[in-house]
Amino acid sequence: MRSVLERMARAGHAPLHTRSPQDARVAYQAGADVLEVPKAQLARVEDLTIPARDGYALPVRLYAPSTDAGLPLLLYTHGGGFTIGNIATHDILCRELARLAGCMVVSLDYRLAPEYRFPVASNDAWDALAWLAGNGAMWGADTARLAVGGDSAGGTLAAVNAILARDAGLPLALQMLFYPGCAAHQDTPSHTTFARGLVLEEPAISWFFGHYVQSRAEREDWRFAPLLAPDVDGVAPAWVGLAECDPLVDEGVDYADKLRLAGVPVDLEIYRGVTHEFIKMGRAIPEARQAHADAARALRSAFGLD
């Protein structure tokens with residue numbers, strides 16, 4: 001991990017938070033695959049759309065390790081602080097999850113800030129899940145076996161989807177959360193300890209969230225900060241994978257504790273010595289490949305594939 005950080009520093013790229021959102025998206029996508037594992041070839045990869053509540057056609061990419069009908073389905077929401085990232089930046093990761101878990105993965109291109117502010121991303125994520133629950137069978141999915149997952153801001157969206165699914169009476173097999181954002185304010189000790197020099201820096205967090213949430217009330221809405229959800233009783237079992245050297249690690253632990261206190265089964269893994277974004281560095285960091293395997297094992301178990 002130290003070697004990766006040194007190479008990133010030597011590259012000398014302008015930090016994302018010093019750019020416009022549009023330029024930051026281009027820069028993030030340009031570097032997204034540099035440290036990824038090899039791109040898995042799958043039996044089925046299709047670009048499709050799902051209708052949002054306002055009629056917008058949400059782009060999605062469907063991945064499946066076989067052409068068999070009746071595969072369980074994971075809805076994946078990518079990270080990027082609600083401001084950057086897309087299907088392409090998380091293509092290799094979603095391929096790897098489909099390959100290792102033996103399930104269908106649908107990766108969602110939800111709308112980004114600042115063009116679309118809170119709660120559009122959350123609404124898009126829920127609209128996609130609700131549509132898949134009702135219509136996924138026509139794509140070959142077993143809609144009785146659904147899961148949600150995501151990393152960082154996408155982990156936030158997955159956690160929120162799990163609560164909304166509980167409220168709607170939609171059973172989920174699992175919520176798979178890679179270092180999710182869970183808190184309203186960046187005030188846990190890890191936000192101070194890991195504020196600088198470890199991939200996700202404090203100025204970037206403020207920049208991301210400043211584009212997405214506009215007021216204290218929005219920050220304290222549980223759809224932005226799942227830790228503030230009134231209750232999480234009866235939500236889907238969780239697999240939570242955190243990075244030890246990450247500003248978000250404390251709130252990830254806090255959310256796992258909130259779930260456990262509500263009686264929700266939680267499998268929590270903290271990967272030592274790694275930073276935010278590590279799951280997209282599998283060529284350089286063994287812990288990334290371990291996290292892929294651990295998350296896939298949790299999916300297989302939740303889907304009854306073992």
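The model is predicted: local features need pLDDT of at least 70, side-chain atom pairs count only at pLDDT 80 or more, and totals for chains, interfaces and linings use all residues. Residues are numbered from 1 along each chain as its sequence is written, and side-chain values use heavy atoms, with hydrogens and water left out.

**The sheet**

- Strands here are DSSP runs of E with at least two residues, and helices are runs of H or I with at least four, numbered from the N terminus.
- Two strands pair if DSSP finds at least two bridges between them.
- β3 (residues 71–77) pairs with β5 (residues 141–151) in the parallel sense, over 6 bridges.
- Y76 stands opposite G149 in β5.

**Aromatic pairs**

- A pair of aromatic rings is described by the distance of the centres and the angle of the planes.
- Rings of Phe, Tyr and Trp (its six-membered ring) pair if their centres lie within 6.5 Å; planes under 30 degrees apart are stacked, over 60 edge-to-face, and the rest tilted.
- The count by this rule is 11 aromatic pairs.
- One of them joins W131 and W139, a tilted pair at 4.9 Å centre to centre with 50° between the planes.
- W131 is buried, at 15% relative accessible area, and W139 is buried at 10%. Buried means under 20%, exposed over 50%, and partly exposed in between (1.4 Å probe, protein chains only).
- Y271 and F278 form a tilted pair, 5.5 Å centre to centre and 45° between the planes.
- Y271 is buried at 6%, and F278 is buried at 0%.
- F82, F118, F209, Y212 and F224 are linked into a cluster by ring pairs.

**A charge over a ring**

- R111 lies over the face of Y116, 5.2 Å from the ring centre. The rule asks for NZ of Lys or CZ of Arg within 6 Å of the ring centre and within 35 degrees of the ring normal.

**L5 and its contacts**

- L5 lies in helix α1 (residues 2–11).
- Leaving aside residues up to four places away in sequence, L5 touches G197, L198, V199 and T275. Contact means heavy atoms within 4.5 Å.
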